[in-house]
Amino acid sequence: MLLERLRAGDEQAFAALVSEHDGALRRVARSLVRTQALADDVVQETWVSVIRGLDGFEGRSSLRTWIFRILVNRARTRGAREARSVPFSSLTSEEEPAVDPSAFARDGRWASAPARLDADPESGLLSAELRAHLLQAVDQLSPDQRAVITLRDLVGVPAEEVCEMLDLSEGNQRVLLHRARARVRAALTPLVGVTG
Amino acid sequence: MRLPWRRHHKHDPLVCREFVELVTDYLDGTLPESERVRFEAHLAECDGCAGYLEDMRRLVGSLHEVPEPPPDEATREALLSAFRDLRG
């Protein structure tokens with residue numbers, strides 16, 4: 001059992017834990033604070049807290065969720081004076097449609113066929129050119145949208161666990177992810193040339 | 001279980017403007033059954049929305065394929081050393 005090995009001071013177990021989560025932690029930290037240097041600090045502090053806190057971890061959440069919650073709390077504390085760190089509570093009750101309303105005719109149908117994103121036929125993914133712009137597009141989102149899309153889509157954490165990590169309701173998580181993806185799509189669309 | 005078309009009649013048919021707002025829930029499998037039926041009915045008859053959904057699938061798949069930042073070996077060594085000091 002990983003947790004027992006960690007508590008017993010098994011260095012290999014800890015090295016494996018770092019390998020598994022460090023990249024994702026750094027990615028998420030970068031979405032929460034304004035500078036790379038601060039993100040690096042936050043990740044390092046997180047790991048030290050993990051090492052110190054192993055005995056107190058009660059297993060109410062998964063080990064991963066626990067580690068990411070430490071990271072999020074650290075980032076919020078450290079970034080409290082940073083412009084990039086915005087409280088998550090100030091949530092989007094305003095209507096922000098996924099697609100510019102002018103794309104639709106009066107009856108709610110597409111005014112003209114929406115622009116398609118270039119795809120790479122072999123992989124079934126976006127074209128390499130568009131993929132090269134993805135992180136830049138994510139970086140331009142609001143902090144709360146950026147944190148959610150980073151965890152859900154870049155790291156691949158399930159919705160329920162993201163809610164736990166970020167202290168979000170299920171509904172808010174869905175809205176943030178939805179807006180984030182729509183904005184990333186919109187950011188990529190000019191790169192393929194808008195039709196119509 | 002009522003016939004799907006009967007339940008269907010209680011709603012206006014879905015239009016594209018609504019479709020795009022349901023895409024995330026659809027991909028997450030969290031649309032209620034009646035909404036999913038309307039969503040898929042519209043999907044079957046609208047090329048614009050089918051393309052939009054396919055692009056969103058590709059977008060999400062592509063985000064997941066963005067490579068992780070490379071490991072920072074110096075930091076990793078420092079962490080292992082901290083682990084030895086604190087737990088050894």
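The contact between the two chains of this predicted model draws 43 residues from chain A and 37 from chain B, with two residues counted as touching if their C-beta atoms, placed from the backbone, lie within 7 Å. On the chain B side, α2 (16-28), α4 (47-65) and α5 (73-87) each put in at least two residues; helices here are DSSP runs (H or I, at least four residues), numbered from the N terminus. The top contributor on that side is α4(B), with 14 residues. Sorted by class, the chain B side comes out at 16 nonpolar, 13 charged and 8 polar residues. Nonpolar covers Ala, Val, Leu, Ile, Met, Phe, Trp, Tyr, Cys and Pro, charged covers Asp, Glu, Lys and Arg, and the others, Gly among them, go down as polar.

Since the model is predicted, local features need pLDDT of at least 70 and side-chain atom pairs count only at pLDDT 80 or more, whereas totals for chains, interfaces and linings use all residues.

One helix pair that spans the two chains is α3(A) (residues 36-53) with α5(B), packed at an angle of about 25 degrees with axes 10 Å apart. Axes are lines fitted to C-alpha atoms, for helices over the stretch in contact, and angles run from 0 to 180 degrees between N-to-C directions. The two helices are therefore roughly parallel to each other, a label for angles under 35 degrees. Their crossing is right-handed, that is, the near helix is turned clockwise from the far one by less than a right angle. From α3(A) come A:Gln44, A:Trp47, A:Val48, A:Ile51 and A:Arg52, and they meet B:Thr75, B:Leu79, B:Ala82, B:Phe83, B:Leu86 and B:Arg87 of α5(B). That makes 7 nonpolar, 2 polar and 2 charged residues.

Within chain B, α2(B) and α4(B) cross at roughly 35 degrees, their axes coming within 10 Å, and this crossing is right-handed too. On α2(B) the contact uses B:Cys16, B:Phe19, B:Val20, B:Val23 and B:Leu27; on α4(B) it uses B:Gly48, B:Cys49, B:Tyr52, B:Leu53, B:Met56, B:Arg57 and B:Val60. The class count here is 10 nonpolar, 1 polar and 1 charged.

Chain A is assigned domain 1 (2-78) and domain 2 (101-192), with bounds from an automatic or database domain assignment. Their centres, taken over C-alpha atoms, sit 27 Å apart. Domain 1 gives 10 residues to the contact between them and domain 2 gives 11. On the domain 1 side, α2 (11-32) and α4 (63-78) of chain A each supply at least two residues, and α2(A) gives the most, with 5. That side has 5 nonpolar, 3 polar and 2 charged residues.

On confidence, the model scores ipTM 0.87 and pTM 0.88. Chain B has a mean pLDDT of 88, with 88% of its residues at 70 or more; pLDDT is the predictor's confidence in each residue, from 0 to 100. Over residues 1-10 of chain B, pLDDT stays under 50, and the model has 5 contacts beyond four places in sequence for this stretch. Where pLDDT is low, the predicted coordinates should not be read in detail.

Note on methods
Residues numbered from 1 in each chain as written. Chains lettered and ligands numbered in written order. Parallel < 35°, antiparallel > 145°, perpendicular 65-115°, else oblique.
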